[in-house]
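Reader: I am new to this structure. Could you take me through it step by step?

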Amino acid sequence: MGRSAIVVLGMHRSGTSSVTGALAMLGAAPPRTLMAPAADNPRGFWESIVVADFNDRLLAAGGSRWDDPRPFDLAALPAREDFAQEAAHLLKAEFGDQSPIVMKDPRICRLFPFWAEVLRATGQDVVVVSPLRDPVEVAASLSSRNGFSRQEGLHLWLRHVLDAEAASRGRPRVFLPWSDFLADWRGTTSSLKARLALPLDVPEGGRPHAVDDFLSRDLRHQAGGAPSDDPLAVRAWQALTHLARHGEEPAIHAELDALRADFDRKIAAGV
């Protein structure tokens, strides 16, 4: 049986840290060089600071950065093979030969084809867990943490979730509404364990577990809010939650492709 990599593929401020931390507590191997906790994420980010720094360099080489809503053209990336070799060395240093590993960095939403190729080349079978959080809450969280406007936050959300969905389509994946995860982490992790054939140690019944304390109620600081006034964000949220509830559907994929094209045109026009 080959090694497997769980890639937690989600937008910043969407619950990716809590999902990744829980998966690590249930048996997936986290990276060795963890990013230090911060005031905005006191329970930790559960991602490799080495990989995050590498991804920042990768984006910069392509003329972008983490908060850039424009499309990122991986095909035009200079020295891509050199980056791929470096990434393979980073994976070995951060995860060794452990399996399954859990890998998370919101930047990977825009870089997933690159990382999927590197993971495959290093002998990993890739599965995807995509946490979903209401874009209104994400925009509010980004406003609180980074001072972004509502529109800037919604544009970043759209770029990350639309790119991540398109790039991971056709692979084993689960869309995981973050509110569902917080309400019933046992049930949601049991479901993704079965659907993705993962060797996770999910406790049965209500037996106490470290994840219970890890997922305390104060994680969600921007709960609820007014419906988004961005029609593209509304459509994307509806389509993605449909995939989460009902599984993969070609009609929803087509809707998301059309959405991504509309969003690319909007960004190109500077709207």
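A few questions and answers follow.

Reader: How many helices and strands does the chain have?
Author: Note that this is a predicted model. Helices and strands are both present in the chain. The count is 11 helices and 4 strands.

Reader: Why is the chain said to be as compact as a globular protein of its length?
Author: The globule rule gives 18 Å for 271 residues. The radius of gyration of the chain is close to that, so the chain is as compact as a globular protein of that length. Its radius of gyration is 18 Å.

Reader: What share of the residues counts as buried?
Author: Buried means under 20% relative accessible area. The chain has 271 residues. Of these, the buried share is 52%.

Reader: What share of the contacts with a separation of 6 or more comes from residues 24 or more positions apart?
Author: A contact needs heavy atoms within 4.5 Å. Among contacts in the chain with a separation of 6 or more, residues 24 or more positions apart account for 77%.

Reader: Which strand is joined to S2 by 4 bridges?
Author: S2 covers residues 101-104. Its partner covers residues 3-8, and the two run parallel. That partner is strand S1.

Key:
Residues are numbered from 1 along each chain as its sequence is written. This is a predicted model: local features need pLDDT of at least 70, side-chain atom pairs count only at pLDDT 80 or more; totals for chains, interfaces and linings use all residues. Side-chain values use heavy atoms; hydrogens and water are left out. The radius of gyration is taken over C-alpha atoms; the globule rule is 2.2 Å times the number of residues to the power 0.38. Buried means under 20% relative accessible area, exposed over 50%, partly exposed in between (1.4 Å probe, protein chains only). Two strands pair if DSSP finds at least two bridges between them.
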